Amino acid sequence: MKNTLRQVFHSSKFLVGFIIFLLILLTMWVYPFLNPGNPLEMIGVGTFARPGTYFSLYDAVNTPAETLRLSDADDKRVAASMSMEDRVAMVEWFTLAEVDIEGLDINDTDALLDLWFANYDSSLKLKGMTNAKKNYYKRLDRSIREIRAADTFTLMHPDEDSGELVKRSDISKTDYINVGQVTNVKRLPLGTDNFGRDVLKELVSATGTSIVIGLIAGIVATFIGLSLGLLAGYVGGFLDDIIMFITNIFTVIPSFVLLILISYSIGQDQRGASVVAIVIGFTSWTWTARSVRSQVISLRNRDHVNLSKLSGHSLVRIILTDILPYIASYVVMAFILQVSSGILSEAQLSLLGLGPKTTEVPTLGLMMNWAMLYSAHTNGSWWAYFPVILTITFISFSLNLMNTGLDQVFNPTLRD
Amino acid sequence: MKKALAILLALAMIVALGATAFADDVSELPREETLYFAGQQWGTVLSWNIMGTNQNNSMAIAGGASGYRTLMFETLFMYNFMNGDIIGLLADSYEWNDDLTEISVVLKDAAKWCDGTPVTAEDVVKTWDVSVQVGNTTGTTFGAYIDSIEATGDKTFVIHGKIGDDGKPVNPLKVTDFLTGTPIAQAAWIDKLVERNGGDSVKILNDPGEDVVWSGPYTKYFFDDQKVVLIRDDNYWGQDASMWGKLPVPKYIAHAIYADNPAGELALKAGEVDVCQQFIGNIQNLWLKDGLPISTYYEEAPYGVCLTMPTAWYNMNMPVLAESAALRKAIAIAVDYDTIIANAMTNQSPSFAEVPRSLMNPTDGEQALYDHDAVADLQWAGNDIDGAKAMLDEAGIVDTDGDGWREFNGEKISLNAVCPNGWTDWQASMEVVAAAGEKIGVEITTLYPEWDIYQTVFTNPNQTEYAIYMWSPEAASPSNPWTRVNQFLGKDYVGAENNWSGNWGQYVNEEADALIKQIPLTTDEAVLRDLYTKLTEIYLTEVPSFSLMYRPSLFHAVNESVWTNFPSGDDGRNIPPADCTDGYGIAALYDLELVG
């Protein structure tokens, strides 16, 4: 046993897969300590906040400011509210409104602004201008008016007694605060999802659930496949015919179709994470059964098996002690693959809206399902689904790598 | 033999190719003459029979929430929910008598059917009589309020309202709704329809009506499971100076049948759809971030005109919900509405702080109908977890066995929150409701059945499968807010089979019902205000349902890649954002212009 393990860990493929998987497990274990709380808590009011560090504006105002005179600050402000595209659009507006733009330099911000403020009128109905374009100019006008605004914002707050606005402080263009001094700062490395949940926190929790689903599915599938395969292979005869008949029926029906039909008929209110896992397990045992059977057939006429038979050992004992150990390595590999495909099946099912019911636990598939329902893929909110895809990839990659590594160790034809 | 088979196969392939090529002809409508829609038609059109039911024909036959869709079949008048105006279409004018028992209506001289025959009082009378006889939507909706329609001349008729036992009219408000909500069919065609079906009501309702006669500016051109196309009728009577004075601009009205909302949204972004009646989350990103030529009725949030409020109904067939108003209110005050409005509606709705909850929609006209201060103490802004817990504790609904969930009469409360699958904004709302339940120790799980299943269950008056489920009350019509109030609190629809009409929670309150019955006959504004205030008070105390957000009855996002001059809030035309199809919203079609 010790020797086998040493052999296994000598396989670089297995080792890499194992380390990746271990790292994933470690993150699942450590991260909740760093960022405790309910992963399904909707912290953000609104959908899809971008990844980044959020600090409280309210607290920021109360944080003592330093004055920094940065030479490029104003230029950046102008660039932010007036891009090159905007400048071109302004010229287009002038042309449509038949304003004389003779000698206008598009890069001369002041000249452009002067001309704009002298001529722009939001109520003017220009021929051939769509409503969308008209709204765009209104927004542009608002944004460039900021450029010419005063250098300071004045902060007011209502007086407690009279309710009148009392001046509290001025915020100048040169005021800077140290983010480290702001009382409330929230880091959202992966932003929030459509419900305003912290995606990273949800992802870690979902990975856990999905691995558990994969494990349950793998155990169920391997158990069924192994039992049937052992029985069919060892006992043979009529029992073999019956078992293989059933297995063949399950093989010809595409298992994913079966999975969809079963999930649908169970009904969403009954579909917890574990029920889904068991259903996945029940639909994916066939190839384990077939390959275990063929392995057993090649084993059952070996001398030591015949010896056991002659000694009068029971069927169960022969299977458990004389046959199972010889195919154990194969079963472990099959199990790993079943876990991997279980995780993928859950993701596929959930994507179709047939996954576990949604209020209880996050799963990788459900995260993708909601991201898709909220068109995250079309509105550019990559953080809501891409890390999930990456996680699934890493999990199945590591499991498959482990499987290949084991294969190299145990399969004589592949041994170098 | 083999050769023959090969030739046969080749022939079959050519025929198949030819067939697809033929189908392509229709899909290649000239872009500059076609106005593309999304979000109205789901699934294949079943019938064109205006007297029938279950037509699944949203472009031609649809009683829109804010006015009838008059592309193919026309109503007597058009409703404009922006200002409450009732504008003549087939009819010119109407007049109530002093007792509010009858309306006299004069039809337009120019109004004609597509076959050139004039629209007469006889058509209206026949439409009404047969509708009642076969029990179609018109018949069942107005049967309780309209006694009969009597032709008094070729172009004039009188609608007699039903008179109650007390000698007063039952509901003049609903009679007014008839004017803007009922499409008129041709008498001669109805006779044909009745005759070929032997007068059998069921057969008449299910007749496909391929030969139907219409009066509107468009008619059927092509339909299958991929799309439905209407084509302009260039002989349309409405080009007469007494009506529009011209034809609507687009020659074709086309609606591809999309699988779901995201598909329609993608098509809108790509410029394949001009008018999109779909909820699009964070719609401002389409122009702010993506820079697309897409606009909405208003430039700023809530972008549209909110006319209704999607509501979570409590199922009163379930003892736990029926017996405990405290539980109903506790769940309602624990729900975080700001999150729903920001998440599910992406702020395309005013908040409940801006427009406190009541029986009214957020338009100024309806808001003025009740006394806000009188019910201020009963209001809740939501997300009040402590308040909800205290309310439940006080009502004795506590967790006795220590499992973290509260019990009612010794049994764990376990509710589901249900809405159709794929209705993402509603699904998100139900998630928020479920989250609120968890916070106050009441187990609420979400359930999203397919629409086909959902619609049969929630309209069944005896169902106990769904505990909390969503549906929207009526949006706007001449009879609102009365109709909506009746849907929330009235007794009329309790126990009705196949109930699409109202009170989906089966809530009964005799006091409220008595107040509701008084409203249609009340013309004194002070009394009316008093009645509405009292009803709001009952609603906020008893909480038979709770609204989750305000919502436009129709979304109206337009892509101006091809067409422009769609109605907008600041253009002074007062055309409602009714998707260019419903009520007075159809006026938009006459003003459209091509871009460039």
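A salt bridge is a side-chain nitrogen of Lys or Arg within 4 Å of a carboxyl oxygen of Asp or Glu. By that criterion, the structure, which is a predicted model, holds 32 salt bridges over all chains. Four salt bridges are counted between chain B and chain A.

**Domains of chain A**

- The domain assignment divides chain A into domain 1 (2-44 + 194-414) and domain 2 (68-150).
- A distance of 59 Å separates the C-alpha centres of domain 1 of chain A and domain 2 of chain A.

**Contact between chain B and chain A**

- Chain B contributes 42 residues to the contact, and chain A contributes 34 residues.
- About 3000 Å² of area is buried between chain B and chain A, with carbon and sulfur atoms giving 49% of it.
- Of the area that chain B buries against chain A, 20% is supplied by B:Glu299, B:Asn343 and B:Glu431, more than by any other three residues.
- Nine residue pairs are in polar contact between chain B and chain A.
- Several elements of chain B each supply at least two residues of the side that touches chain A, among them α11 (337-344), α14 (424-440) and β18 (443-447).
- With nine residues, α14(B) gives the most to this side of chain B.
- The residues on the side of chain B that touches chain A comprise 17 nonpolar, 13 polar and twelve charged.

**Salt bridges across the contact**

- A:Arg142 pairs with B:Glu299 in a salt bridge whose closest N and O atoms are 3.7 Å apart.
- Salt bridges with shared partners join A:Lys138, A:Arg142, B:Glu299, B:Glu300 and B:Asp570 into one network.

**Salt bridges within a chain**

- A:Asp198 and A:Lys186 form a salt bridge at 4.0 Å, N to O. The two residues are twelve residues apart, A:Asp198 lying in the loop between β6 (185-188) and α8 (199-235) of chain A and A:Lys186 in strand β6 of chain A. A:Asp198 is buried at a relative accessible area of 3%, whereas A:Lys186 is partly exposed at 33%.
- B:Arg196 and B:Asp207 form a salt bridge, with their closest N and O atoms 2.9 Å apart. B:Arg196 belongs to helix α5 (residues 187-196) of chain B, and B:Asp207 to the loop between α6 (201-206) and β8 (218-223) of chain B. B:Arg196 is partly exposed at 41% relative accessibility, while B:Asp207 is buried at 8%.
- B:Glu443 and B:Lys412 meet in a salt bridge at 3.4 Å, N to O. This pair links strand β18 of chain B with strand β16 (residues 411-412) of chain B, 31 residues apart.

Conventions
Residues numbered from 1 in each chain as written. Chains lettered and ligands numbered in written order. Predicted model: local features only at pLDDT ≥ 70, side-chain atom pairs only at ≥ 80, totals over all residues. Heavy atoms only, no water. Domains from an automatic or database assignment. Contact = heavy atoms within 4.5 Å. Buried area = accessible area lost by both parts, 1.4 Å probe. Polar contact = N/O pair within 3.5 Å; in protein donor to acceptor, adjacent residues only side chain to side chain. Helix = DSSP H or I, 4+ residues; strand = E, 2+ residues; numbered from the N terminus. Nonpolar A, V, L, I, M, F, W, Y, C, P; charged D, E, K, R; others polar. Buried < 20%, exposed > 50% of the residue type's maximum accessible area, 1.4 Å probe, protein only.
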